[in-house]
Every structure is written in structure tokens, then in C-alpha cells.
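Q: Please take a close look at a single part of this structure for a reader new to it. Please then connect that part to the surroundings described by the model.

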Amino acid sequence: MEKETQRLEEKGVKPTPNRILVLRELGHSDHPLSLADLEGRLETLDRSSIFRVLTLFLKHELVHSIEDGSGSIRYELCTASGKCSISDMHVHFHCESCNRTYCIPMTPVPAVDLPDGFTAHSVNYVVKGECAECGSRF
């Protein structure tokens, strides 16, 4: 709990039990989690409480959101100690069979040359297909 409390305080977020629970669950996951995923894992918290925590975490750049095309936004902890930035972003793989989204942290998001005057704030790069587990079922 001490690690989560310190991380929240570093980002200017008051450590409450709900915030610590959500932060801990995101930290233990090896893949981005949706609101529904978190609701299933955190049975003591209701959907609206988890959503308020995620909204606050986005505002304070503790997490970034991923739109993987599944219809659910998924959330992942920012790894940078300062601001959550494009350098924090990496490619994700979305399995169309099991609906799970995997991080591929060793593959950074490709650089995109933007026209003069344009500034990127986030990047969403998702590859879709079948994961190894689903592909081996046939």
C-alpha cells in the first residue's frame, strides 16, 4: 500500500482506499483493463466509483486510455515518472476471438510526421487478429 500511496501523492492525488485499490489492480495486470474488467476484479467497488477514480487518474496522468476497437476503453498505468507522454505509448494487440488486449512494450509507436502547427498528445496503435492461445485452438 505504501508504494501506491507514494505514487498517488507524487501525482498530486489524495490516496483514498478506492484509489489505492484501483491503482494496485492496474499495477498487477499484465494487460490494459476496461471498466468492466476492473468491476469484476474489485467486487467491493461499484462501477461509478471505479469510473470516477479512472477519470481522476487520466486527469493526473497516472493512466492513459486505449481504444482497441472492442467498444470498451481500456486503461493502463503510465510508466513515466513525470507526465504521461507519447514516449509512454507502445503498440497493443487486440485478439478478436477472446477480446483481450495485450501490450507489446518492446514495439514503440511509430513516429508520425505531422504538418507544421500540429501537436500530438496521444497515439493509439492497435494491431488486431488472434492471439497465440486462440490461434492454437484450431
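A: His 94 stands opposite Lys 128, a residue of strand 6. The model is predicted: local features need pLDDT of at least 70 and side-chain atom pairs count only at pLDDT 80 or more, while totals for chains, interfaces and linings use all residues. Residues are numbered from 1 along each chain as its sequence is written, and side-chain values use heavy atoms, with hydrogens and water left out.

The part to examine is strand 4, which covers residues 90-95. Strands are DSSP runs of E with at least two residues, helices are runs of H or I with at least four, and both are numbered from the N terminus.

Two strands count as paired if DSSP finds at least two bridges between them. With strand 6, strand 4 pairs in the parallel sense over four bridges. Besides the pair of His 94 and Lys 128, Phe 93 has Val 127 of strand 6 as its bridge partner. With strand 5, strand 4 pairs in the antiparallel sense over five bridges. Here Val 91 stands opposite Ile 104. Strand 4 is mostly covered, as six of its six residues are buried; buried means under 20% relative accessible area, exposed over 50%, and partly exposed in between (1.4 Å probe, protein chains only).

The connections on either side of strand 5 come next. Strand 4 and strand 5 form a hairpin with five residues between them. Asn 99 lies in the loop between these two strands, and its phi is near 70 degrees, a positive value in a residue other than glycine. Most residues other than glycine have a negative phi. Asn 99 counts as partly exposed because its relative accessibility is 39%. The loop between strand 5 and strand 6 holds Leu 114. Leu 114 is partly exposed, at 42% relative accessibility, and together with Val 112 and Phe 118 makes a nonpolar surface patch of about 330 Å². Patches take residues with over 30% relative accessible area and no salt bridge, joining like charges within 9 Å and nonpolar side chains (Val, Leu, Ile, Met, Phe, Trp, Tyr) within 5 Å; the accessible areas come from the Shrake-Rupley method with a 1.4 Å probe, and for residues only the protein chains shown count as cover.

Another positive phi occurs at Glu 61, where the value is near 60 degrees. Glu 61 lies in the loop between helix 4 (47-59) and strand 2 (63-67) and is partly exposed at 23% relative accessibility.

Glu 4 is buried at 9% relative accessible area, whereas Arg 24 is partly exposed at 25% relative accessibility.

Glu 25 and Arg 41 also meet in a salt bridge (3.2 Å, N to O). This pair links helix 2, which holds Glu 25, to helix 3 (residues 35-41), which holds Arg 41, over 16 residues. Arg 74 and Asp 37 form a further salt bridge (3.3 Å, N to O). Arg 74 lies in strand 3 (residues 73-77) and Asp 37 in helix 3, so parts 37 residues apart in sequence are tied together. Salt bridges with shared partners join Asp 37, Asp 68 and Arg 74 into one network. Arg 74 is buried, with a relative accessible area of 4%, and Asp 37 is partly exposed at 28%.

Notes:
Salt bridge = Lys/Arg side-chain N within 4 Å of Asp/Glu carboxyl O.
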